[in-house]
Amino acid sequence: MASLTIRKLDESVKTYLRLRSAKNRRSVEEEVRVILRELIEGREEPLTPFAVPPAPSPAPTSPRASALPEASVTLIIGGGIAAYKSLDLIRRLKERRVEVRCVLTKAAEQFVTPLAASALSHERVYTDLFDPQSEFDAGHIRLARDCDLIVVAPATADLMAKMANGHADDLASAILLATNRKILLAPAMNPLMWNNAATRRNVAQLQRDGVVLIGPNAGEMAEAGEAGVGRMSEAIEIATAAERLLRPPLPRPLAGKRVLITAGPTHEPIDPVRYIANRSSGKQGFAIAAAAQAAGAEVILVSGPVDLDDPDGVNVKHVESARQMLEHVQASLPVDIAIFAAAVADWRVANEGEQKLKKTSAGMPPLQLVENPDILATISKLRDKRPPLVIGFAAETEHLIDNAKAKLARKGCDWIVANDVSPATGVMGGDRNTVHLLSRKSGGEDGEIAVDSWPVMTKEQVAIELIAHVAKSVADNPLEPAS
Ligand SMILES: Cc1cc2nc3c(=O)[nH]c(=O)nc-3n(C[C@H](O)[C@H](O)[C@H](O)COP(=O)(O)O)c2cc1C
């Protein structure tokens, strides 16, 4: 049976579900079940029970945040004076595209109301272990498992003691015992409680159990005249720690490296309105730029005319012709790694018309072609500023490996990525690619070339694999810094 992940639904559907579930005082999941049951029983309500206002935006989301994958947290609020800060924590988590479902302990309800937590989280708030509404399908198990992380803030001395000893006599402790997700605790208590031998034992036990702690910080206590270690970390610190657990930083093997990539076709003008072009879409080069950027490199992408969005965080220079591409490539040097994935036109029109060429009775205008600069060979053969690693692409329609080997030798680059672009492969403009990586064999006879054939992959996978090879090569043979 397929499972449905509510946070992956369209924003408008989620808004509808949230509003409808809030109105009926049910969780979103329960509401979905009710809707499905009603549909099956033929008693469905009209599709719009009330007007759906635009999706609530409790806090502005930055462009960075909107690019993040969604995640979800079950936030357990314990019964401490710092519970008020957890309301701000809900907001901070939502700013980071984290959905929050709150559980309040009985003691927490003395400090903050479920209504406040519900208004900020836009979700129903859970307080009872024996809640007939959510317990018909073991709600505490869903709250424990249907999330990516459990955060306890404030984690009171009492709640930590229960956790350390495996108690499960209320909703919060039952969730904490029933979960297989990571748990982040933000302890908050009086310094004497924090330093008490029992609390020390419990904290040590919880750390052995793999629970992660943030804080407590040192500072003034709520009690007049008291200070020491015991203040709950600030909401922003807890949200940052939660984000680190939800989205651990990716390895950045190309951090500090400057990578130059070319992509797309070139357009060689015939006159002001016509040009010679090829079928390159630029997808492979753009995917390589995105993969290099994700690997931590500073990326410059020189692109011919393409119908693609600029990859995030990449410095993109848009050009038309081969000569403009070479100009921008040269201006971008020095770089540590250059990857020439563009399908640069071999020829351009020598007698480019200044005005639109007209049909005449004299017949077709003769088009004289002259050779374009060879960008790969030019950069590979530079004396100064030659990038330490130069990678070319060989798009061939026949004798793929032989032609690619000859190209590697002729152009003077270090690696060639060879691909078969004959029409039957659908590579030109398509989303998949079958490539062979050719490189000079290290330690082999002069001129010996290694061929590594990869299976058919998407262009994104080819890009990730190529960048992984680049990163390994950089790690094995540290490059002289680009200067
Ligand atoms: C005004 C007040 C403030 C409290 N603040 C804290 C606190 O910051 N940390 C703590 O561990 N307990 C604190 N307590 C004690 C807890 O509320 C008590 O131990 C409660 O049982 C904890 O419930 P819980 O397990 O649901 O968090 C406070 C009690 C009162 C009356």
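User: Which strands and which helix are included in what covers the buried residues of helix H14?

Analyst: The cover includes strands S8 (258-263), S9 (268-269), S11 (298-303) and S14 (347-349), together with helix H15 (375-380). Here helices (H or I, at least four residues) and strands (E, at least two) are DSSP runs numbered from the N terminus. This is a predicted model, in which local features need pLDDT of at least 70 and side-chain atom pairs count only at pLDDT 80 or more, while totals for chains, interfaces and linings use all residues. Residues are numbered from 1 along each chain as its sequence is written.

User: Which residues of H14 are buried, and why are they said to line one face of the helix?

Analyst: In H14 (residues 322-332), the buried residues are Ala322, Met325, Leu326 and Val329. Viewed down the axis of H14, they fall within an arc of 100 degrees, and therefore they line one face of the helix. The arc is taken from the directions that run from the helix axis to the C-beta atoms.

User: Why is leucine 301 called buried?

Analyst: A residue is buried with 20 or more other C-beta atoms within 10 Å of its own, exposed with 12 or fewer, and partly exposed in between, C-beta atoms being placed from the backbone. Leucine 301 has 30 C-beta neighbours inside 10 Å, and so counts as buried. Leucine 301 belongs to strand S11. Across the chain of 483 residues, 38% are buried.

User: What does leucine 301 contact, apart from its neighbours within four places in sequence?

Analyst: Leucine 301 is in contact (C-beta atoms within 7 Å) with Ile261, Ala263, Ala289, Val314 and Val316.

User: Why is aspartate 414 called partly exposed?

Analyst: Aspartate 414 has 19 other C-beta atoms within 10 Å, so it is partly exposed. Its place is the loop between helix H16 (400-411) and strand S17 (415-420). Not counting residues up to four places away in sequence, aspartate 414 touches Leu389, Val390, Ile391, Ser439 and Arg440.

User: What makes H8 oblique to H11?

Analyst: Helix H8 (residues 157-164) and helix H11 (residues 197-208) pack at an angle of about 50 degrees, and their axes are 9 Å apart. Because of that angle, H8 is oblique to H11: roughly parallel is under 35 degrees, roughly perpendicular 65 to 115, roughly antiparallel over 145, and oblique the rest. The axes are lines fitted to C-alpha atoms over the stretch in contact, with angles from 0 to 180 degrees between N-to-C directions. Among the residues that make the contact are Met160 and Met163 of H8 and Val203 and Leu206 of H11.

User: Why are lysine 385 and histidine 399 called exposed?

Analyst: Lysine 385 has 12 other C-beta atoms within 10 Å, so it is exposed. Histidine 399 has 10 other C-beta atoms within 10 Å, and is therefore exposed. Lysine 385 lies in the loop between H15 and strand S16 (389-396), and histidine 399 in the loop between S16 and H16.

User: What is the phi of lysine 385 and of histidine 399?

Analyst: Lysine 385, although not a glycine, has a positive phi of about 60 degrees. Histidine 399 has a positive phi near 40 degrees. Most residues other than glycine have a negative phi.

Conventions: Contact = placed C-beta atoms within 7 Å.
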